[in-house]
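Dear colleague,

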Amino acid sequence: MNGHTTLVHKLKHFAIAATLAIYSTGSWGNYGDFATLLPQGSEMGFILRAADGSVLAEHNADKLMLPASTLKLLTATAAWLELGPEFRYYTRLYVGEVSHGVAEGDLVIQMSGDPTFTRADLYRLLQQVKQVGIHTIKGRLIFDDQLFSGYDRARGWPWDDLGVCFAAPTSAVMLDSNCVRVALEPHAEAVTVKKASHIPLVIRSEIRNLPMGPLCPLELYVEKQVYKLSGCTDKKTTLALALDQPKHYVSAVIKQQLAELNIALLERGDQDQVITSQVAQHHSVTLPKLLQRVLSRSDNLISDSLLRTMGAKTYQIGSFQAGIRALEETLSKQLPLDLGSSDLYDGSGLSRYNLISPRTLSALLNLWQQDERLQPLMAMLPVAGQSGTLRYRAGTAQLGGKLRAKTGSFQQVANIAGFIDTADKDNLVVVQFINGINGNREQTKQQITEFEQALFQCIHFRCFQNN
């Protein structure tokens, strides 16, 4: 029996004994041993804290590591403190003076980076224009998107992720999560692209009807608003494509919908500048519902939009850099939380430049336990085996409702940070970082699952000792 199997076998025997209440604190686990369960070459950072902040066990707790989506815990906390639970995103329409159904001047749409704004919301917004009696607009379509500035994607986002929806641009102008879905249908030697008729994108397929593999993956190129797909597939496939130029896309959708509502947009640019007034408004849900999606579903777009919104509020600069500065200032002054040597680049954790230590993240979660202002955030976390990104995570499923935690996953990363209930009714903070995983190895997923099963059963039954 090899060392990997021996340790898993040992834990199973321990868990049975613990179920029968034959256990004692500090009786078995040494956290250095758990690293032997991990895939070769990977690295573990770990810390376990009691509710009073005391450290019960740790391993590489001060090592700076990739947090992936566990970084959203920082973003959610700062947004909760800085923006407040009543915060909403607003989208507004303005027109010039209206006489006999004709609006002089431009149609101005003011967009504030609402990541939940949908095509249906846009249609209802334009319906309000119709309802006030406007049938003609003597002007152009103008976007007021000045709330955000700088790049719409953060430093350290992998270039080969930028065409897929989980890395959609975090722009002030947003619609349907800045994402469109299309279907690939193989026919003979060609593969065609099927999209809804209302999607105003030009998509060309150069995909071959052959099995997809490492030597012929699907690839996307965007050039002059033309989306070009190449590579191989011999199966029906649905693709979620990130918008390359959201403003161009949303402009086309607005013009479609104006035509459906029989509102003429004359697109004249020769008229004098006129004073506009608001004729329509849409608002998003409030911050608690937004953060529910951030923490439970790990929504990247909402996370990064909230970050840029904090930058705009604090510094009147809605950039990623200003958002990070606002986040750091909020956490240090309103809690306080010392971020130490952490290096942050976005609010979602997508950037491969982000670095933070397990100790720092555990200190934040301790504040969630101790600070009444932050305790509502705990209920928004996924629950093992029940909800969010922990619903189907095999390594923690056996804990059921005893673990609430944020996950963070890349091909090379498997992280968990949250709260675990012990068999003797304590609620502990746990942060598990695993970095350096070779995600291309077939056995990796099983090894991570076995590691997490062993680790979290050990914590639940208090088999640990400090090391």
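Which residues are linked in a network of salt bridges? They are Glu 58, Asp 62 and Arg 359. A salt bridge here is a side-chain nitrogen of Lys or Arg within 4 Å of a carboxyl oxygen of Asp or Glu.

Please note that this is a predicted model, in which local features need pLDDT of at least 70 and side-chain atom pairs count only at pLDDT 80 or more, while totals for chains, interfaces and linings use all residues. Residues are numbered from 1 along each chain as its sequence is written, and side-chain values use heavy atoms, with hydrogens and water left out.

Salt bridges

The search of the whole structure finds 19 salt bridges. Helices (H or I, at least four residues) and strands (E, at least two) are DSSP runs, numbered from the N terminus. Asp 62 counts as exposed, at 52% relative accessibility. The classes are buried (under 20% relative accessible area), exposed (over 50%) and partly exposed (in between), with a 1.4 Å probe and protein chains only.

A second salt bridge brings together the side chains of Lys 63 and Glu 43, at 3.4 Å, N to O. Because Lys 63 lies in the loop between β3 (55-59) and α3 (72-82) and Glu 43 in strand β2 (residues 43-49), the pair ties together parts that are 20 residues apart in sequence. Lys 63 is partly exposed at 34% relative accessibility, and Glu 43 is partly exposed at 30%.

Arg 462 also forms a salt bridge with Asp 424, their closest N and O atoms being 3.5 Å apart. Here Arg 462 sits in the loop between α10 (444-460) and β21 (464-465), and Asp 424 in the loop between β19 (413-421) and β20 (427-435), 38 residues away. Arg 462 is buried, at 9% relative accessibility, whereas Asp 424 is partly exposed, at 34%.

A strand pair

Strands β13 (residues 219-223) and β14 (residues 226-232) run antiparallel and are joined by five bridges; strands pair if DSSP finds at least two bridges between them. Leu 220 stands opposite Leu 229 in β14. The two strands form a hairpin with two residues between them, and Lys 224 in the turn has a positive phi of about 55°.

Yours sincerely
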